[in-house]
Amino acid sequence: MPATQIESNPSQAQSSSRLQRFLNCYWLRPENAFWMSLRSQALESHPIKGPSIDLSCGDGVFSFLHAGGDFSSEYDVFMEVGNLDEVRDAFADMFDHTNVGYEPMVTLRPDRKFEVGTDLKPNMLLKACRLDFYECLVEHDHNHVMPFENGAFQTVHCNSAYWVQNIDQFMSELRRITRKDGRILLSVKLDSMRDYTLNAHRDKFGQRWLDIIGRGRIESWPSLTNDETWKQRFKAANLDIVSRTPFITATHAHIWDVGLRPIAPLLVRMANALDEHTRQEIKSDWIDLLSELLQPIHNANFNIAPHKQEPAEILYELTPA
Ligand SMILES: C[S@@+](CC[C@H](N)C(=O)[O-])C[C@H]1O[C@@H](n2cnc3c(N)ncnc32)[C@H](O)[C@@H]1O
């Protein structure tokens, strides 16, 4: 029987320092900051031993922070964005953009690196490259077989499997590239998230309102499914579950659902139009306030629903059967 881990209780100081580091980078999307910080907290008891690979690493900021890295308070991910006019109606990705001069302003380097990082988007890989945190970065679409040897990695990390259409092949590929005694650390979102929205109240809000809040995000995740189906996918790929750590509750997902997503492009434009000093002053006050507001929520078991509901994200530790 796989162990279901209850999220270990990190000290208050460790927990708020982690949240603080994530807020520094993601301050204009505080609902993403607490989610990512909880994801990092869940990963804490799972060492990332080399050779290691970070699949769909994006700009690398999540894994860099998780590994203990830190950035100057003058740095955040909203400084290097584009397509802001197309984010709202064309669902463009503002982060899929970079300039040659991009400098992530690192203040603390983690004491380990990933051997490999992959992503579909060249701009994200260019940003990840500037972190000097990956020995090698590979542009790859995970709907296809991966360009790595059998058993190449001791640790395979991925928090973006729900984007992959060809999910069964992806699962077998995870097994193939993992050493016999290796570990796959997979954070999976569950389709319970569809219920943790206001969609059931269409009669009160109207479709236009729900579309503004939703921005089609859940619909663009082709392999989102329930816990049972994830387990079947692991079984079909010959992967054993070593441990299972739920870390996002229904309450977290409800809060995330009506976060700052719809106004994010406007907030980013506003913040980036400020002079450096004013931006920094506001950012600092913003983070102080948000740290306090998010503190009770920043707990893997936080739930105010009257009865237990399916979690919205689970960290699975898997190994080849
Ligand atoms: C939500 S981001 C997460 C990035 C990073 N892992 C993190 O935690 O910040 C999802 C990432 O998956 C990448 N992605 C989406 N579909 C992909 C695919 N088919 N193959 C490889 N990467 C993909 C996107 O480019 C994006 O960088």
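**Entry 1: Pro51.** I looked up Pro51 and found it in the loop between helix H2 (30-43) and strand S2 (52-55). The peptide bond from Gly50 to Pro51 is cis, and its omega is near -5°.

**Entry 2: ground rules.** I noted that residues are numbered from 1 along each chain as its sequence is written. I also noted that this is a predicted model, where local features need pLDDT of at least 70, side-chain atom pairs count only at pLDDT 80 or more, and totals for chains, interfaces and linings use all residues.

**Entry 3: the whole protein.** I counted 12 helices and 10 strands. The C-alpha trace spans about 55 × 50 × 40 Å along its principal axes. Next I checked the radius of gyration, which is taken over C-alpha atoms, against the globule rule (2.2 Å times the number of residues to the power 0.38). A compact globule of 321 residues would come out near 20 Å, and the protein has 19 Å, so the two agree.

Then I looked at burial. A residue is buried if 20 or more other C-beta atoms lie within 10 Å of its own, exposed if 12 or fewer, and partly exposed in between, with C-beta atoms placed from the backbone. Of the 321 residues, 39% are buried.

For contacts, I used pairs whose C-beta atoms, placed from the backbone, lie within 7 Å. Among contacts between residues at least 6 apart in sequence, 80% join residues at least 24 apart.

**Entry 4: helix H5.** Which residues of helix H5 (residues 122-130) are buried? I got Met124, Leu125, Lys127 and Ala128. Seen down the axis of H5, they fall within an arc of 160°, so they line one face of the helix. The arc is that of the directions from the helix axis to the C-beta atoms. I also looked for what covers these buried residues, and strand S5 (114-119) and strand S6 (134-139) are included.

**Entry 5: helix H11.** In H11 (residues 264-273) the buried residues are Ala264, Pro265 and Val268. Their arc around the axis is only 100°, which puts them on the same side of H11.

**Entry 6: positive phi.** Is Asp132 buried, exposed or partly exposed? Asp132 has 13 C-beta neighbours inside 10 Å, so it counts as partly exposed.

Asn238 is not a glycine, but its phi is positive too, at about 65°. I found Asn238 in the loop between helix H9 (227-236) and strand S9 (239-248). Asn238 has 12 other C-beta atoms within 10 Å, so it is exposed.

**Entry 7: Ile241.** I moved along to Ile241, which is in strand S9. Ile241 has 18 other C-beta atoms within 10 Å, so I put it down as partly exposed. Ile241 and Arg183 are 58 residues apart in sequence, and their C-alpha atoms are 9.8 Å apart in space.

Note on methods: Helices (H or I, at least four residues) and strands (E, at least two) are DSSP runs, numbered from the N terminus. Two residues are in contact if their C-beta atoms, placed from the backbone, lie within 7 Å.
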